[in-house]
Amino acid sequence: MFQKTRYQLLLSYLSVFAALLGIFALAVRVVFTTNLSQKFTESLTILGESAAAEAELDNGHLKVDNDFPINELIIRHQALQWFDPQGHPVGQQGQYTLTLPLSLNTDVQTEQTGKFSIRGVTLPVINNDDGSLIGYVRVSQSLEEFHETLAQLDWGLGSGVMITLALSSLGGLWLTRKAMQPIEQSFQRLKQFTGDASHELRSPLMAITTNVEVALEYPEGMRSTDAKKFNAIANAADQMTRLTEDLLLLARNDQVQSPLQETVNLQEILHKLVELYQPQVDAKEINLRIKSTKPLYVLGDAVQLTRVFANLMQNALQYTPTGGLVEIQTNQVDWQLYVSVKDTGIGMTPEQLQHVFDRFWRADQARSYQSKGFGLGLAIAQSLVQNHGGLLTVTSQLGVGSCFTVRLPAP
Ligand SMILES: Nc1ncnc2c1ncn2[C@@H]1O[C@H](COP(=O)(O)OP(=O)(O)OP(=O)(O)O)[C@@H](O)[C@H]1O
Ligand SMILES: [Mg+2]
C-alpha cells in the first residue's frame, strides 16, 4: 500500500523536476542560438565592410579584387559576390555563394543548398571620392559549422538532462523512503492499537452479554420496564461485539499472513449462503438466482471466503428494494475464477464508488434505507479477497443496481 504511494510521490517529483530541467535547457538553447546567429551575421558584415572598403574601380565599374585572400575564404567556407548598382552579378570569389538574386530590401538572406544552408549579408559599395553607389557586395558563409556547434550543444544539454534525471531518481527513491518511514510506522502503531483495543473490548462485552442473558432468564423477579432495558442492553452489547469482531478481523488481516490453504468448493459455499438468507429473501420477495453449474475449487480459507460472499449477499439483499432481483454468477476463464453478485438495488454514483471499500463509509441513501451497519463489510471482504491473492471490483449505477465481482486464482 505504501509502496504505491511512494512511487506516485516519486513520479510526481520526477515529472516536476523534468519539466523544470526541460524549460532550463530550452532557455539555454534559445539564448545560445540567438547569440551565435547574431555573431555569425556580425562577422559576415565585418568581412563585407572590409571587402567594400578595398573595392577598386575600373572605368567607373567595380573591379573584382583578386588580391583578396581567397584561401582564407575557402577555409572558412565563405564567399564574396559582387554586383553592379542594378543588382547584376559582376564577379565572385570563393565557393559558398548564394544562387538567390540580390535582394535590396533585406540585407540578410539564407538559402538551403544540399545538406547545409548558406547565409549571405549584402552591403553597398560606396565610392570614397564622391560618395556615389558603385555596386554591392554579398558576403556568404555555409552554416555547417553553426549547425555542428548547435548539435554539440543539443547533445550536451540532452545528456546533461538525462544524467541529472537518473541521479535525481536515485535521490528521490531514497528521499521518498525516508519520508514514508514515519508514516508507515504510525500506521503500524494505529493498526496495533485497533487490534489491541478490540481484543481488550471482547471480555468486558462478553461479561455484559452473559450477565444480561442471565438476568433475562428470570424476568419474573423484575419490573416490566426493567426487562425492556435489559433487552436494549443486550442489543447494544450484541452490536458492539459485532463491531469489535470486525475491527479485530481487519487489524489481524492487515498483518500479512497467508490464509489457510485448503481446497474450498465455492459453489457449495454459495448454495449454503443462499439457504441461510432464504428467510430474508422470502420476506422481501426478492428473486434470488444462482447461476453456477459446475463446482469451482480454490485454495484458501473456507471461513474467510464464506465471510466474503456473505457480506456481498447481505449487501445485495439489504440495498435492494422489495421485489428486486439478485443474481449470483460464477465463471472460470483460464486460471481465474469469477463470482459476481449483481442486484437491481439502489446503486451508487461514480463518486460514491470511490469510497465503497473505505472503512466506516456508508452512502447517505444507504443510511436512510437501512439504518443498521457499520460500513465495514466491504472493507473486510476486500481485505480477505486480497489475502487470497484475488481482487474485488464493483460497477454500479445509481437507482439501477450494482455488481460486485470477486476474482480468485484457480489452483
Ligand atoms: N449492493 C449494494 N448496493 C448499493 N449500495 C451498496 C451495496 N453494497 C454496498 N453499498 C454501499 O456501500 C456501503 C458500504 O458497504 P459495507 O458492506 O461496507 O457496509 P454496510 O453494509 O453499510 O455495513 P456492514 O458493516 O454491516 O456491512 C453501504 O453502506 C452502501 O452505501
Ligand atoms: Mg454490508
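1. Start at the end of α10. Gly389 follows this helix, and its phi is positive, near 75°. The model is a predicted one.

2. Helix α10 spans residues 377–387, and nine of its eleven residues are buried, so the rest of the structure largely encloses it. The buried set is Gly377, Leu378, Ala379, Ile380, Ala381, Gln382, Ser383, Leu384 and Val385. One of these, Ala381, is touched by Leu312.

3. Leu312 sits in helix α7. Is Leu312 buried or exposed? There are 27 C-beta neighbours inside 10 Å, so Leu312 counts as buried; the cut-off for that class is 20 or more. Setting aside residues up to four places away in sequence, Leu312 touches Val341, Ala381 and Phe404. Val326 is 14 residues from Leu312 along the chain, and their C-alpha atoms are separated by 11 Å.

4. Next, helix α5. This helix covers residues 266–276, and Leu266, Ile269 and Leu270 are buried in it. Their arc around the axis is only 95°, which puts them on the same side of α5. What do the buried residues of α5 pack against? The partners are β8 (262–265), β9 (287–291), β10 (297–300), α7 (302–318), β11 (325–333) and β12 (336–343).

5. Two packed helices are described by the angle between their axes and the distance between the axes. For α5 and α7, the axes come within 10 Å and cross at roughly 50°. The two helices are therefore oblique to each other. Their crossing is right-handed. On the α5 side, the residues that meet α7 are Ile269, Leu270 and Leu273. On the α7 side, they are Ala302, Leu305, Thr306, Phe309, Ala310 and Met313. Ile269 and Leu270 are also among the buried residues of α5.

6. Now the loop between α7 and β11, where Thr322 lies. Thr322 has 8 C-beta neighbours inside 10 Å and so counts as exposed; the limit for that class is 12 or fewer. Which residues does Thr322 contact, leaving aside its neighbours within four places in sequence? They are Lys284 and Glu285. Trp361 is 39 residues from Thr322 in sequence, and the C-alpha to C-alpha distance is 24 Å.

7. The crossing of α1 past α3 is right-handed.

8. Last, the chain as a whole. It has ten helices and 14 strands. The radius of gyration is 42 Å, well over the 22 Å that the globule rule gives for 411 residues, so the chain is more spread out than a compact globule. Along the principal axes, the C-alpha atoms fill a box of roughly 145 × 45 × 45 Å. Buried residues make up 22% of the 411 residues. Of the contacts with a separation of 6 or more, 65% are between residues 24 or more positions apart.

Key
Residues numbered from 1 in each chain as written. Chains lettered and ligands numbered in written order. Predicted model: local features only at pLDDT ≥ 70, side-chain atom pairs only at ≥ 80, totals over all residues. Helix = DSSP H or I, 4+ residues; strand = E, 2+ residues; numbered from the N terminus. Rg over C-alpha atoms; globule rule 2.2 N^0.38 Å. Contact = placed C-beta atoms within 7 Å. Arc of directions from axis to C-beta. Left-handed = near helix turned anticlockwise from the far one by under 90°. Axes fitted to C-alpha atoms, helices over the stretch in contact; angles between N-to-C directions. Parallel < 35°, antiparallel > 145°, perpendicular 65-115°, else oblique.
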